[in-house]
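Hi,

Here is the structure I promised to send over. Have a look at it first, and then read my notes below.

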Amino acid sequence: MVLLKMSHLNKIYNGKINVRAISDLNLDVEKGEFLGIMGPSGSGKTSLLNMIATIDPPTSGQVSINGENPYALNFDQLAAFRRQKLGFIFQSFNLLDTLTVKENIFLPLTLDGAALSDMKDKLKRIAGRLGIEHILDKRPYEISGGEAQRTAIARAIIHNPELFLADEPTGNLDSKNSTDVMQLLERLNHEEQATILLVTHDPQAASYCSRVVFIKDGELYNELYRGDNQTDFYRRIMDTLKLLGGSSS
Ligand code: ADP
Ligand code: MG
């Protein structure tokens, strides 16, 4: 089943010079896929993710998430759609320093008026899985970068979103914490059939995906499937990045 469909997507930024960031892009993402998006700096990755994240509408073409066109929703419906259907994980964690770890994780549920008992049950399960039980009452500035990213992942998964969008989630982490985060996402994908879209410039992180698409100048350039050998997949990703050229950030 196709969860996310992009049809003839175009994104043009109008200014003194018009920039065509995404050009007639067609891409289907199956439910349960773990899709990586790579490409040189300026190739259109963020523009693409923002259109899918319902943050910035396409100039033309369609985004469809589970058969629904988010851009046809009104303002309030769209806000609810984002909170309920999407889970965001950013490079900068985006945690609120005035709230505890627990309150940060509860935030999306609070906004939808979930019952406290429901929230507590869910939190217990998720905190155990992510290994953050011991920091639930701390504030973001009291925890490490790895713990902050695991907290952000907890916040993104607590409402069982249909689609996870991760923009360089390992960008601010050392290699040990990056590996932890990628293994968590991989488990989420395997065990819950979560559909995940990951923008990354890190071939090591990308090698955890089930498929990687490469973008160049706003167009699909190539795609690779992981198969069952992650080391070989990593090598093929590196080879494709070499062919692509540019700085792949
Ligand atoms: P990437 O994330 O792959 O680095 P972007 O999607 O950020 O690429 O950018 C794609 C192209 O669109 C680049 O040429 C960039 O300069 C341009 N661009 C991105 N955002 C804007 C904007 N808000 N206004 C004008 N041009 C933009
Ligand atoms: Mg970008």
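Which element gives the largest share of the shell around ligand 1? That would be H1, with three residues. Before I go on, some housekeeping: this is a predicted model, in which local features need pLDDT of at least 70 and side-chain atom pairs count only at pLDDT 80 or more, while totals for chains, interfaces and linings use all residues. Residues are numbered from 1 along each chain as its sequence is written, chains are lettered from A and ligands numbered from 1 in the order in which they are written, and side-chain values use heavy atoms, with hydrogens and water left out.

Back to the ligand. The shell around ligand 1 consists of Tyr13, Val19, Ala21, Pro40, Ser41, Gly42, Ser43, Gly44, Lys45, Thr46 and Ser47 (a residue is near if one of its heavy atoms lies within 4 Å). Sorted by class, the shell has four nonpolar, six polar and one charged residues, where Ala, Val, Leu, Ile, Met, Phe, Trp, Tyr, Cys and Pro count as nonpolar, Asp, Glu, Lys and Arg as charged, and the others, Gly among them, as polar.

On its own ligand 1 exposes 550 Å², and the protein buries 58% of that (Shrake-Rupley method, 1.4 Å probe; for residues, only the protein chains shown count as cover).

Next, helix H2 (residues 75-85). Leu78, Ala80 and Phe81 are buried there (buried is under 20% relative accessible area, exposed over 50%, partly exposed in between; 1.4 Å probe, protein chains only). Looking down the axis of H2, the buried residues fall within an arc of 165 degrees, so they line one face of the helix; the arc is that of the directions from the helix axis to the C-beta atoms. Phe75 and Asp76 are exposed on the other side of H2. The buried residues of H2 pack against strands S4 (60-65) and S5 (86-90), with contact meaning heavy atoms within 4.5 Å. At the start of H2, a side-chain oxygen of Asn74 comes to within 3.1 Å of the backbone nitrogen of Asp76.

Now for Arg226, in the loop between strand S9 (219-225) and H8. Arg226 is buried, at a relative accessible area of 18%. Its side chain makes a polar contact of 3.1 Å with the side chain of Glu186 (a pair of N or O atoms within 3.5 Å; within protein, one must be able to donate a hydrogen and the other to accept it, and residues adjacent in sequence count only if both atoms are side-chain atoms). The Arg226 side chain also reaches the backbone oxygen of Tyr208 at 3.4 Å.

Gln230, in helix H8 (residues 230-244), is partly exposed at 23%. Its side chain has a polar contact with that of Ser207 (3.0 Å).

Cheers

Definitions and conventions
Helix = DSSP H or I, 4+ residues; strand = E, 2+ residues; numbered from the N terminus.
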